[in-house]
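This report describes selected features of one protein model. Please have the sequence and coordinates open while reading.

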Amino acid sequence: MVAILGAGIAGIAAGYHLSQRGIEHTIFEKNSSWGGLCDNFSIGEGFLFDKFVHLSFTKSEVVKNLFQNNTAFYSHKPESSNYYKNLWLKHPVQNNLAPLSIDEKIRIIEDFVAKPTLNTIQNYEDWLLVQFGTYFKEHFPEKYTYKYWTLPSKELSTDWLGSRISIPSLEVLLRGAFEVQEKNFYYAQEMRYPQQGGYKSFLNTMATNSSIKTQKEVALIDPIHKKITFADGSETNYEKLISSLPLPEIVKIIKDAPKSILEAGEKLLSTSGQLVSIGFNRPDIPKHLWFYIYDEDILPARAYSPSLKSPYNVPKGKSSLQFETYFSKKKPKQLSGDSLVNHIIEKGIQMKLWELNDIAITDYREEKYANVVFDFNRKSNVALIQDYLRTVAIISIGRFGEWDYFWSDQSLLSGFKGANIIGNR
């Protein structure tokens, strides 16, 4: 039997791929439902929220076909916005400077023209300076970097960037400063979302074809005797083992894991997320599918609207927003619980998003693992842990199993890759 630890998208994908090959497996999930960060929850009478913002813009035909064969979906244009000093700027900001004051646009353009040339890019700060100059870097990506990654840009590497940030030419920058741009400069042209059941509905067929046992938190893995002990005291034996558990967690539950591996796990940095979900008693509160917030005195980094993603995410005549705030070992949370909820309500009123009597219901919750942080400790410690896992025959998959900046389609394909390793042995 193949044991798969974690029923997030990577674990579900691994189980599905094994089932397609007729290989017996069981997925063990510590929570009461499957889905991981792709799971959702309901509050009140019919307000459905995903765990963080999820929209599919995959270019993989394999993933596209899997998703579209699971459920009917809505197709959205990826039009988002940015809130900055009482202004709303289309995303990405660097291509859409028109709403800014003349003085601020002049500062950005002057610095963009005079941006430095560096022979060696040593960190994300260097990269930002070379691309945009000082003023834009300090007022936009630097502010957001600390809110989202919980580190300043000088402490981040650049091996996560890929094509995630638009880099305008001087002409594009100037056009966006002088007039509102109709063109979409985002790295995707379409985003898909299930009509009903939240983002995890894209995974329904894969989950149905897998054997999943929930409320089975792993307490100990004995790789010598190929035995797993669960927190409820039960045990199971396995022939092969695939894990999507976060690397810092799995090394702590492997019997007799070396001290150097445990220390490597401690050095890995990730963000945790605070989710404040708000249901409104009006249908027209959200104006943007999602938006980013640069102001430092507003704690969330970004927000999205479940009701704009799908009207089935809210009761008829209602709407909703969810705000994401991040913290880590490097940046403790400033507020939590009702204090953060009240902070967001007050700031939303100041931002002219809603009035107090528009709010029907609120919810606060936290997720321990939100994103992998690409500090300079990541690469060497990930390699050390993954080498060790291979010696104890554990295949590690998914965002936190490979400890990488994976979108949902990349996590799914990581699960397939792990299952292929099993199938080819």
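The model is predicted: local features need pLDDT of at least 70 and side-chain atom pairs count only at pLDDT 80 or more, while totals for chains, interfaces and linings use all residues. Residues are numbered from 1 along each chain as its sequence is written, and side-chain values use heavy atoms, leaving out hydrogens and water.

**The sheet**

An open sheet is formed by 7 strands in the order 7-6-15-16-17-14-18, with mixed pairing. Strands (E, at least two residues) and helices (H or I, at least four residues) are DSSP runs, numbered from the N terminus; two strands pair if DSSP finds at least two bridges between them. The edges are strand 7 (87–90) and strand 18 (359–372), each with a single partner strand, so one side of each is left without a neighbour in the sheet. From one strand to the next, the twist averages 25°.

Helix 12 (residues 337–350) packs on the sheet and touches strand 14 (270–280), strand 17 and strand 18. The direction of helix 12 makes about 110° with that of strand 18; axes are lines fitted to C-alpha atoms, for helices over the stretch in contact, and angles run from 0 to 180 degrees between N-to-C directions.

Inside the sheet order, strand 6 (residues 81–84) pairs with strand 15 (residues 290–293) in the parallel sense over 3 bridges. Y83 stands opposite I293 in strand 15.

**Q322**

Q322 belongs to strand 17 (residues 319–327). Its relative accessibility is 0%, so Q322 counts as buried (under 20% relative accessible area; exposed is over 50%, partly exposed in between; 1.4 Å probe, protein chains only). Leaving aside residues up to four places away in sequence, Q322 touches a set of residues including F41, F49, D50, L275, R302 and Y304, where contact means heavy atoms within 4.5 Å. S277 is also touched, and the side chains of Q322 and S277 are joined by a polar contact of 3.1 Å.

**Backbone details**

The peptide bond from H91 to P92 is cis, with omega near 0°. P92 lies in the loop between strand 7 and helix 3 (102–113). Two residues other than glycine with positive phi are listed here.

How values were computed:
A polar contact is a pair of N or O atoms within 3.5 Å; within protein, one must be able to donate a hydrogen and the other to accept it, and residues adjacent in sequence count only if both atoms are side-chain atoms.
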